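Me: Could you walk me through the ligand sites of this model, please? Here is the structure I have open.

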Amino acid sequence: MRVLSGIQPSGSLHLGNFFGMMKKMIDYQEHEDLFCFIANYHAMTSLADGKSLATGTLEAAANFLALGLDPEKSTFWVQSDIPEVQELTWILSNFTPMGLLERCHSYKDKVAQGVKPNHGLFAYPVLMAADILLFQSDKVPVGKDQKQHLEVARDIAIKYNNVYGDVFTVPEPEIDEDVATVPGLDGRKMSKSYGNTIDLFLDEKALRKQVMRIVTDPTPVEEPKNPKTCNVFQIYRLFLDQQGVEELTQRYLTPGLRYGDVKQELFETTRDFFAPYTERRKEFLSDPGGLRKTLATGAEKARYIANKTLRKVRKKGGLIY
Ligand code: ADP
Ligand code: TRP
């Protein structure tokens, strides 16, 4: 089964990115045909600074590789290294009703936040559909926020297939409800745009500062606490197995628990968990030539599949005459 997902190279990574997407992706490489790419074209909808985009792209590659993505076991590339995706985007645009895009929450939210609407932002889901359909992906693991974009991709695939026959695999989203939305420091979705993140690859001091900022309720120490509504618990549980979660739940239900102590534990757990990855990331970043070579090899592998699909689509659409 082909599993595909992409991540934008925009800035630092947080626990939401890791548990919501990256970890699941990396686990897939063991048993599935994993396709994973850095969505630098998508990042252009929010970044108009070429230097930062280029640096961010190499950093994103180092992040994935440091966290365990193995380019031998998977296909790993940078979106813009396969410009064929743009051709497919145009072709798919002709199977994309305006209303479908107008209903997209992520577009509407961005506009509501004051982002100036442009065509790139509006057409973002079509490019995403092209990413998915070009590689005949069966499954696309994403966070809950991307669910609607997946529906758009499915709709477009079905519309196209209705006209030209079964050209595209209709992809299934995979949203792990357990970690569907990792909460941030304030209980809202952890997101760069809310400034409520716990970031990966921080130094100790900065990491501790973020963890200590998690918002807790004013329940007195001598009273039992509610794990379900506690932001510290909801983040801490991501690092624990079932037994660990049960033990922590019991501690919450027993009077005497101090939020400060649990935060300290969470800080230490996060620090220790990511320490080896932080080291590896440094090594990757110290060799940008090596990173570029890995990405070029990945692009070559991905391009072979992309061209197989595109040849069919061009033929069907009368672009080969
Ligand atoms: P941000 O909201 O910080 O800008 P992105 O939109 O760049 O994050 O997200 C990149 C990937 O990480 C996506 O697949 C997204 O679904 C996932 N993701 C981001 N934040 C979370 C979260 N809080 N919980 C679960 N998954 C998340
Ligand atoms: N839009 C996704 C995000 O911001 C990134 C992305 C681009 C993607 N193309 C994709 C995810 C294709 C899955 C499949 O998180």
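Reply: Happy to! For residue classes, Ala, Val, Leu, Ile, Met, Phe, Trp, Tyr, Cys and Pro count as nonpolar, Asp, Glu, Lys and Arg as charged, and the others, Gly among them, as polar. This is a predicted model, where local features need pLDDT of at least 70 and side-chain atom pairs 80 or more, while totals for chains, interfaces and linings use all residues. Residues are numbered from 1 along each chain as written, chains are lettered from A and ligands numbered from 1 in the order written, and side-chain values use heavy atoms, without hydrogens and water.

Me: Which class supplies eight residues of the shell around ligand 2?
Reply: The shell has five polar residues and one charged residue. The class with eight is nonpolar.

Me: Which helix gives the most to the shell around ligand 2?
Reply: Strand 1 (2–7) and helix 7 (119–134) each supply at least two shell residues (helices, H or I, at least four residues, and strands, E, at least two, are DSSP runs numbered from the N terminus). With four residues, the top contributor is helix 7.

Me: How far is the polar side-chain atom of Asp131 from a nitrogen atom of ligand 2?
Reply: Tyr124 also places a side-chain N or O atom 2.7 Å from a nitrogen atom of ligand 2. For Asp131 the distance is 2.7 Å.

Me: How many residues around ligand 1 are charged?
Reply: The shell around ligand 1 divides into five nonpolar and eight polar residues, plus the charged ones. The charged residues number three.

Key:
Polar contact = N/O pair within 3.5 Å; in protein donor to acceptor, adjacent residues only side chain to side chain.
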